[in-house]
Amino acid sequence: STVLKIAAVPGDGIGKETVPEGIKVVDAAAERFGFKVEWTHFNDWTCENYAKTGTIVPGGIDEGIKILKAYDSIFLGAVGWPGVADHISLWDLLIPIRRAFGLFANVRPAQNLPGVRCPLANKKPGDIDLLIVRENVEGEYSQVGGRIYQGTEDDIAIQEAIFTRRGVDRIIRYAFELARSRPKKHLTSATKSNGIIHSMPFWDERFNAIKKEYPDVKTNQFHIDILCARLVTNPEWFDTIVASNLFGDILSDLAPAVAAGGIGVAPSSNINPKERLGLFEPVHGSAPDIYGKGIANPIGQISSGAMMLRHLGQTEAANAIDRAIAKVLADGIKTGDLGGKSSTSEVGDAVAQSVATV
Ligand code: NAD
Ligand code: IPM
Ligand code: MN
């Protein structure tokens, strides 16, 4: 029977609490649907290790990339911890993995789920169904630039954003493909071509060129500022949204907050649609403010496990996990961030149990 080889990287903080719950649920789904998952645990790839040795991965990130190549996918918790500057830790693990494997599409769904109170009045489960498609390897996240006169009164920081035609075209085209597969067949482009004079007009130009290939998909464009406002006042206007790296980062925290009151339930996939190896991780970070209390919401992690199984062809197992999540939330088994009283592992146990039958 099928054996999936998965690299589990819990990372820092609540990643260490949520990844075991994700594994528990994926294993329960595998058991039911007759395949196996062989996990390799990289528990020491942490900021703690960075503080001790100067790298997150023992031997450095290039070594880490070589190791990860052997797996079908990577299941990650969160990276980042006080004491190691975030621009060091994130550029020593998460961002290099996204880039080295060409995982240019960061797909981040956000829905209002049964049993989860939407912070907007009069919105019921099913009303909000968003898919943020974020460019994941270029754009505003760039190493080009630098500091001049650092530490003086004349200090200057220069940060170049890089938008390549190849990079822009492939994310827009993939977003059109995803939009086409959804009931509303609607794609919004997040732009800022009124204020950012090189990259965003180029983004618009490519969006308008590529949309001719998808006459069946309805489209519109919003500047990022009013898009944020409209997501709060009129979220039902939106379906699939394609955005650059930074805009997509912001939208993908906003969308689950609007739909589900926070980021604890939000999953993500980092993929190259033509490749098998992907990186699957919740949208949230390591949450130092709640780590160690057993109260972190594991749903974002578990749901990322479903996205991983779907990407690896285990569609039925992925669908069962989604149904189990909906059932457990509807039953009121929820962590504190959703207004519930259950612990991280109680929610994980309930989803794992439900996955066996739901
Ligand atoms: P965060 O997502 O870690 O936390 C933001 C807020 O949301 C906190 O109040 C936290 O308690 C809450 N929260 C997050 N996840 C939750 C969950 N599952 N259940 C309940 N509450 C949850 O963002 P931050 O505080 O800006 O960042 C903390 C660290 O994580 C930083 O080092 C940052 O760089 C890193 N980070 C990593 C990733 C990643 O690995 N993909 C993503 C975001 C932030
Ligand atoms: C995310 C995170 C990362 C990002 C950070 C931690 C570098 O916020 O995955 O959304 O901006 O991509
Ligand atoms: Mn983010």
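Me: What makes the crossing of α10 and α11 left-handed?
Reply: A crossing is called left-handed if the near helix is turned anticlockwise from the far one by less than a right angle, and right-handed if clockwise. The crossing of α10 and α11 belongs to the left-handed kind. This is a predicted model, in which local features need pLDDT of at least 70, side-chain atom pairs count only at pLDDT 80 or more, and totals for chains, interfaces and linings use all residues. Residues are numbered from 1 along each chain as its sequence is written, while chains are lettered from A and ligands numbered from 1 in written order.

Me: How do you know how α10 is oriented relative to α11?
Reply: The axes of α10 (residues 299-311) and α11 (residues 315-330) cross at roughly 160° and come within 7 Å. Because angles under 35 degrees count as roughly parallel, over 145 as roughly antiparallel, 65 to 115 as roughly perpendicular and the rest as oblique, α10 is roughly antiparallel to α11. Axes here are lines fitted to C-alpha atoms, for helices over the stretch in contact, with angles from 0 to 180 degrees between N-to-C directions. Helices (H or I, at least four residues) and strands (E, at least two) are DSSP runs, numbered from the N terminus.

Me: Which residues of α10 and α11 meet?
Reply: In α10 they are Ile299, Ile302, Ser303, Gly305, Ala306, Leu309 and Arg310, facing Thr315, Ala317, Ala318, Ile321, Asp322 and Ile325 in α11. Contact requires C-beta atoms, placed from the backbone, within 7 Å. Eight of these residues are nonpolar, three polar and two charged. Ala, Val, Leu, Ile, Met, Phe, Trp, Tyr, Cys and Pro count as nonpolar, Asp, Glu, Lys and Arg as charged, and the others, Gly among them, as polar.

Me: Why is α1 called oblique to α11?
Reply: The axes of α1 (residues 15-33) and α11 cross at roughly 130° and come within 9 Å. That angle makes α1 oblique to α11. The crossing is right-handed. Val25, Ala29, Ala30, Arg32 and Phe33 in α1 meet Glu316, Ala317, Ala320 and Ile321 in α11. The contact has seven nonpolar, no polar and two charged residues.

Me: What makes α1 oblique to α10?
Reply: α1 and α10 pack at about 45°, with axes 8 Å apart. That angle makes α1 oblique to α10. On the α1 side the contact is made by Thr18, Val19, Glu21, Gly22, Val25, Val26 and Ala29, and on the α10 side by Gln301, Ile302, Ser304, Gly305 and Leu309. The classes are six nonpolar, five polar and one charged.

Note on methods:
Two residues are in contact if their C-beta atoms, placed from the backbone, lie within 7 Å.
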